[in-house]
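Student: I would like to go through the helix packing and the backbone of this model. Could we begin with the helices?

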Amino acid sequence: MKRKDGLKPLAAALKKYDRFLLSCHVIPEGDAIGSMLAMQTLLQKLGKKTMLVCQDSFPERLSCLSNKGWQEVRHLKSRPEFEAMVLTDCPTLPRIGSVKSVLRPSTVIFNIDHHISNSNFGHFNYIRPDAAATAEVVYDIYEELKVPINKETAKNLYVGLATDTGSFKYSNTTARSHEVAARLIATGINIEKINDDLHGTYSLSTMKLYSRLLGRVRTAGGGSIGWVGMKREDLKESGATHEDAEGFIDFLRYIKPVKVAFFMSELGSGKNDKAIRVSFRAKGPYDVNKVATHFNGGGHKKAAGCTIHAPMKEAERRIVETLRKEFHFS
């Protein structure tokens, strides 16, 4: 099938298929999940059959969203039957992880995203790098197909927008982001409760984890680079999970002289399974997508990520070296 890009071809093609599998990237956050749930509702309103399948479990921190119908691929009892797959917030096909195992050669892939690093891997691609979140891109599809947005969908899309804009304080926030948010709020969603759920509560285990990590923050490049590494034992000792650590990188970004921050976390199970997941954040003109791409990752100019298969000390050395070289930090 010849690849087609743009809103109108993708929206028209959604009407042609009856059974859809929906998924998003591994270790999903608010934009990936909110966008996926909104697309599921849209398809159901078009009379389609849908199924949600992801590699990982539904994040506890997104309890404001519904996890009804959420399935992990490892728990599937049989191979699902579907004609097409809708992927949200996923820059490359490998980012869906083990969900890739259920794809067939005949599967028609709809790729909906806002990452500048998106590889346009779908048969139908609607990618808007100028959008603050994939939720904004999904909103366009609702408008194109003239499907009304109810309160539940508005909440899903608002969570996507609020997550990827840092509650509208990051530089990717645009006038369009505020226009879409205003229309979603007009449906009657409770934005105070949503934002409290997203940003206003921390578990005791999260605070214990943060206290361990704050004592290990390091800087380089005259203070321009800030980072910390989280080990498996940090999670064990604090009773926390990888999910609890998701927001810690913001503390690094808030350090006054820091221009680029990165957060490393040990994955795998031990000595013979070395993998480090890395998240990058930037302030000002620095493009961390370039750095993440150097390590076969990707994302946005101000927020990106990758996985490095090496011990943490080695990963740290390589990242700092690359940041110094790329941004001419001392």
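Tutor: Helix α2 passes α4 in a left-handed crossing, a term used if the near helix is turned anticlockwise from the far one by less than a right angle. This is a predicted model, in which local features need pLDDT of at least 70 and side-chain atom pairs count only at pLDDT 80 or more, while totals for chains, interfaces and linings use all residues. Residues are numbered from 1 along each chain as its sequence is written, and side-chain values use heavy atoms, without hydrogens and water.

Student: At what angle do α2 and α4 pack?

Tutor: The angle between α2 (residues 30–45) and α4 (residues 151–164) is about 155°, and their axes are 7 Å apart. That makes α2 roughly antiparallel to α4, the term for angles over 145 degrees.

Student: Which residues of α2 make the contact?

Tutor: On α2 they are Gly 30, Asp 31, Gly 34, Leu 37, Ala 38 and Thr 41. Their partners on α4 include Asn 156, Leu 157 and Val 159. Contact means heavy atoms within 4.5 Å.

Student: Changing topic, what is the phi of Asp 89?

Tutor: Asp 89 has a positive phi of about 60°, although it is not a glycine. Asp 89 sits in the loop between β5 (84–88) and β6 (108–113).

Student: And is Asp 89 buried or exposed?

Tutor: Asp 89 counts as buried because its relative accessibility is 2%; buried means under 20% relative accessible area, and exposed over 50%, with a 1.4 Å probe and protein chains only.

Student: What about His 328?

Tutor: His 328 counts as exposed, at 72% relative accessibility. His 328 is in the segment after α11 (312–327), and its phi is positive, near 60°.

Technical notes:
Axes are lines fitted to C-alpha atoms, for helices over the stretch in contact, and angles run from 0 to 180 degrees between N-to-C directions. Helices (H or I, at least four residues) and strands (E, at least two) are DSSP runs, numbered from the N terminus. Angles under 35 degrees count as roughly parallel, over 145 as roughly antiparallel, 65 to 115 as roughly perpendicular and the rest as oblique.
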